[in-house]
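Dear colleague,

I am handing over the structure below, and after it I set out what was found in it. Please read the notes with the model open beside you.

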Amino acid sequence: MKKTILIACLGLVSLGLQAQSISLAGEWNVELGKSGSAFAKSKRASQGEVKRAILPGTIDTNHLGFAPKDTMETTHLTRLYAYKGAARYSRTINIPKDWKKKPVELFLERTRPTWVYVDGELVDSCNFISTPQRYLLPKKVKPGKHLLEIVVDNGRGVPEQVYGSSHAYTEDTQTNWNGIIGRIELQLASSVESKSAETLTGAIPSRSVASPFALQMPDFAKDFHIKGAHFYANGHRIFLRGKHDAAVWPLTGHVEMSVEGWMKYLGTCKEYGINHVRFHSWCPPEAAFVAADSLGIYLQPELPFWGSFDKKDERLMAFLHQEGENILREYGHHPSFRMMALGNELWGDIDKMKEFVDDFRKIAPDKYYTFGSNYYLGYQGIKEGMDYFTTCRIGGEGWGKYNTHTRGSFSFADAYDGGMINHFHPNSTMNFDEACDKAGIPIISHETGQFQTYPDYREMKKYTGVLHPYNFEVFRRRLAAAGMLSQADDFHKASGLWSVKLYKADIEMDLRTRNMAGFQLLDIQDYPGQGSAFVGILDAFMESKGITTPEEWRQWCSPVVPLLEMKKFCFEDGEKIQAKLKVANYGGSSLKGKKLKWHLAAENGLFCMDDGTFSTKDGEVRKNVSDLMAEDEGVLNIFLYDEGLVDVGELNGVFHVQKPTKLLLTLNIEGTEARNSYELWAYPKKALEKKGVIIAKDLNEEVVKVLEYGGKVLWMPTASSHFVAADDTLSQADNATPYTVGGLFQTDYWNYRMFKTICENNKKKVSPGTLGILTNPEHPIFKGFPTEMHTNWQWFPVIKESHPLVLDNFAKDYRPIVQVIDNIERNHKLGLVMEWKVGAGKLLVCMSDLEKAAKYPEGKAFYQSVLNYMRSADFNPSAEITVDELKKKLAEKPRQVSLKELNNISQY
């Protein structure tokens, strides 16, 4: 009930307490014509066919546009009824008698640039795109019937750069629709407007609805302020757990305008622990702010721009400045509106950016401002006038260095080896202290994540509106042509489950950073444009993809998160474990006196922690255990009042196992919902046993003879001194396996085609472009290497030393033991581990140099598991091939994929 009352009250404020209004929703006449033509200027020039349209709505939602000529578009969803140009909407209006001599206002909640006519005469024009347009009608418009005509033009009226860059316009998401959405009304002007009505007619500037200081602030926004490197509200430090929003509304092709719709959208965000939304190069409507006020979510709208902030472009600067003023005056009273940016990844005149911020601060001094989200891609660092900094780095770093980074994942064009998560051996100690400690203002990690998953083609049936998933259809046909359509669901599941673990790692790096103020994920929602970026844990409809749950996700995306700091996750028997237990506490209250419980359970065996020491602030508890067990647990007391990153204690001990074992360490704070979990692996400490298997680096005559005589051969081509790695499938002809791709541990960043273009244009190494592994965990090759169907942290050394083999020329129904999932652009069948019967012998091919991988316990364990499998009776390949056939297929050029350039607006 309280939530409903708050929404209603805020809705009344946003309406300016209007006493009377007449809705113009319903059926209108509409005529279509060219932008800038006589049609758009005069009723008399109209020659178009008169059609009927329902407003609020668009040409698309009324099915009045034009069918697509290109059904092979893969860079975004396709409009089924696209239209760009002028559209004249007309209808008869009836002004009541009791409105006589009172100023009448036409209210258009959201639209494109408009020209308004009454009885054939132009009233005025307006190009506000982020806020409502209001027209004060001429005094001569008396009570009675009148012809109202509104020309809406989505092809002119704003600076040209806005069409392709702002998410208010771009075809990548919201689309460049033509129409009027939200409320369309005739209103009696307010008393303030009545006083000026004698001199004012036409388009009315946005005006402040109410001062935020005049409203009762809800707790989440009370005394919202910055102190040092952190945000505070209601007397406590807060951490912004944000998502990026790009106006993705696949059914309508335009932004949702109802409070109910935004309550559903932001409610889903809140279910997944999100308390902050950054609107990439656009501003949401009133309903979003009303819903956010009710749900306690902080919003960061932006000016509708992504590009060069050029002070010489007077038209652009004037347009953006007006949009900023409008946004602040129209929505500034909302408690959820605490922050604002000048756009996305801007470059250009920094002094001009500061001038904008200074001007906006005078209009709304209660807000906090930054120049642009990730302006100059972070290379320019912090400048005077920025209250906070949303960025992926703070200043420039040398290539191969990570000391300025504020997120764990990058494209290969932007950071060596794609960033810290892909580059460093898996751990839970990495953070961004080195960059953030020097900042002095709040740092928010920009567009964190961007881990791709393979698309779920079952999603296609959801597209029942104005946008059609031709991109999905093309990707699906490509997969079918490659002979792997039957694996589509498994590709989606395996890549998706791995991406969730990667997101967890990136988010926890932020939480472990003492002077980090928050993150803005890209994203929990798929982005259907810019090449089609399936980077969400939810689909484009904000619905589950079946790869995580709100309960699981909130383990690491909540106000209070227990954290385990370990230098690695994989151990050998007898190896000492040294871990720190911490809590990221942004819950608004002290945890002093609470108990942090830990629980360690083996999923497939027994273990013991010998001579374990569990340290807390009040001393140590020593525990001697000699018996193997399936689970163990303990408690640590929390003794600190601190907010932020709280040190709780240490967990030290010596692992003992009798066989390779996967363990799950769970942390939870007693009496709260705060919990988290970590996967660990432990393996017996033994020397590699290689007897009974011939291990070969080259498939030479001697090895071939072994196969002919019925021997067992493990061939590792990448270990050969002749092997020369290449960045893509156009590998070295002298290799025995000339067509390979690189070994990528994390899933590919954002979209392969886009960043392949950017890498090549900047002469940087191209990402291998893969999306993790797919395997059967029940296969006997894994008896000594417990795994899931997808990549996990123990696969790191094996994958990093690998060059997966392109298997396009082999039988379409052939499946490798360990397959590597390729991206939607190439769709190569890729093998990491394969097997064949060759003559009387048996051949297992591993495209990783296991001798190098074996320097890590997990790499050694995989190597031994492979050898044990090959010595067992289970090693009995079903596929047969001759040596000559194998060599021929390896040498044949695989299916070639030609990718057109796909550029990004930002300057890399």
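R512 counts as buried because its relative accessibility is 3%, where buried means under 20% relative accessible area, exposed over 50% and partly exposed in between, computed with a 1.4 Å probe on protein chains only. E508 likewise counts as buried, at 3% relative accessibility, and the side chains of R512 and E508 meet in a salt bridge at 3.9 Å, N to O; the term stands for a side-chain nitrogen of Lys or Arg within 4 Å of a carboxyl oxygen of Asp or Glu.

Before going further, please note that this is a predicted model, in which local features need pLDDT of at least 70 and side-chain atom pairs count only at pLDDT 80 or more, while totals for chains, interfaces and linings use all residues. Residues are numbered from 1 along each chain as its sequence is written, and side-chain values use heavy atoms, with hydrogens and water left out.

The structure holds 46 salt bridges. One of them joins R278 and E447, whose closest N and O atoms are 3.0 Å apart; R278 lies in strand β18 (residues 276-279) and E447 in strand β25 (residues 443-449), so this pair ties together parts that are 169 residues apart in sequence. Strands (E, at least two residues) and helices (H or I, at least four) are DSSP runs, numbered from the N terminus. Both R278 and E447 are buried.

Another salt bridge brings together the side chains of K582 and D647, at 3.5 Å from N to O. Since K582 lies in strand β30 (residues 576-585) and D647 in strand β35 (residues 644-657), the pair ties together parts that are 65 residues apart in sequence. K582 counts as buried at 10% relative accessibility, whereas D647, at 28%, counts as partly exposed. There is also a network of salt bridges that links K501, E603, K662, E679 and E788.

Turning to helix α7 (residues 350-363), its 14 residues reach 20 Å from the first C-alpha to the last, close to the 20 Å expected at 1.5 Å a residue, the expected span being 1.5 Å times one less than the number of residues. The buried residues of α7 are I350, K352, M353, F356, V357 and F360. Seen down the axis of α7, these buried residues fall within an arc of 160°, so they line one face of the helix; the arc is that of the directions from the helix axis to the C-beta atoms. The face turned away from the buried side of α7 carries the exposed residues D351 and K362.
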